[in-house]
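These are my notebook entries on a structure that I consulted for the first time. I set down what I looked up, entry by entry.

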Amino acid sequence: MVKAVLSVVLMLVVVSSTIAKYIPKTGKRVPQTLSRGWGDQLIWAQTYEEALYWSRSRNKPLMVLFHLEDCPHSQALKKVFSENNEIQKTLDEDFIVLNLMYETTDKHLSPDGQYVPRILFVDPSMTVRADINGRYANRMYAYETGDINLLISNMQKAKKLLKGEL
């Protein structure tokens, strides 16, 4: 009887730990409206200029996410993105993050046009990493729900700094 109870408790612990939501090392954070549902536990930059400053001063790459609230592709990606613990953990620990629902004046952030959802990476030297892209030739920086593993792989590439002197 004791073995059966212990087995059930152990099973519950294992199951709950595998489906638990990512919580940052610093503890649960108060949700920010800047997340817009893309990761409430992440610290999001408010503007592109602020994100560039944080990226440079903290020596972390910047991930810029362009989306629209009423876009079904953005909504689908948001759901998968926000529920993926690996993405949330990596962004929390290794990235500066910014999500935008409008275009910036920096034309480097739309090298192949303006569309959503679009994800670009910028290294701490303020160089847009045009070499890190998705799988579509006509929308090079677009990701869909099935592209999450590619996005994770691209996040790992972005962590490797482009400029060796940093």
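Entry 1. I noted at the outset that the model is predicted.

Entry 2. I looked up how helix H3, residues 72-83, lies against helix H4, residues 85-94. Their axes come within 5 Å and cross at roughly 75°. Angles of 65 to 115 degrees count as roughly perpendicular, and H3 and H4 are therefore roughly perpendicular to each other. I then listed the residues that make the contact: H3 contributes Phe81, Ser82 and Glu83, while H4 contributes Asn85, Ile87, Gln88 and Leu91.

Entry 3. I turned to strand E2, residues 96-100, and asked how many of its residues are buried. I found that five of its five residues are buried, and I recorded the strand as mostly covered. Ile96, Leu98 and Leu100 point one way from E2, whereas Val97 and Asn99 point the other way.

Entry 4. I checked the pairing of E2 with strand E1, residues 62-66. The two strands run in the parallel sense and are joined over five bridges. Phenylalanine 66 stands opposite leucine 100 of E2.

Entry 5. From phenylalanine 66 I went on to glutamine 114, which is 48 residues away in sequence, with a C-alpha to C-alpha separation of 9.0 Å in space. Where does glutamine 114 have its place? I located glutamine 114 in the loop between E2 and strand E3, residues 118-122. Leaving aside residues up to four places away in sequence, I found that glutamine 114 touches Glu103 and Lys107.

Technical notes:
Residues are numbered from 1 along each chain as its sequence is written. This is a predicted model: local features need pLDDT of at least 70, side-chain atom pairs count only at pLDDT 80 or more; totals for chains, interfaces and linings use all residues. Side-chain values use heavy atoms; hydrogens and water are left out. Axes are lines fitted to C-alpha atoms, for helices over the stretch in contact, and angles run from 0 to 180 degrees between N-to-C directions. Helices (H or I, at least four residues) and strands (E, at least two) are DSSP runs, numbered from the N terminus. Angles under 35 degrees count as roughly parallel, over 145 as roughly antiparallel, 65 to 115 as roughly perpendicular and the rest as oblique. Contact means heavy atoms within 4.5 Å. Buried means under 20% relative accessible area, exposed over 50%, partly exposed in between (1.4 Å probe, protein chains only). Two strands pair if DSSP finds at least two bridges between them.
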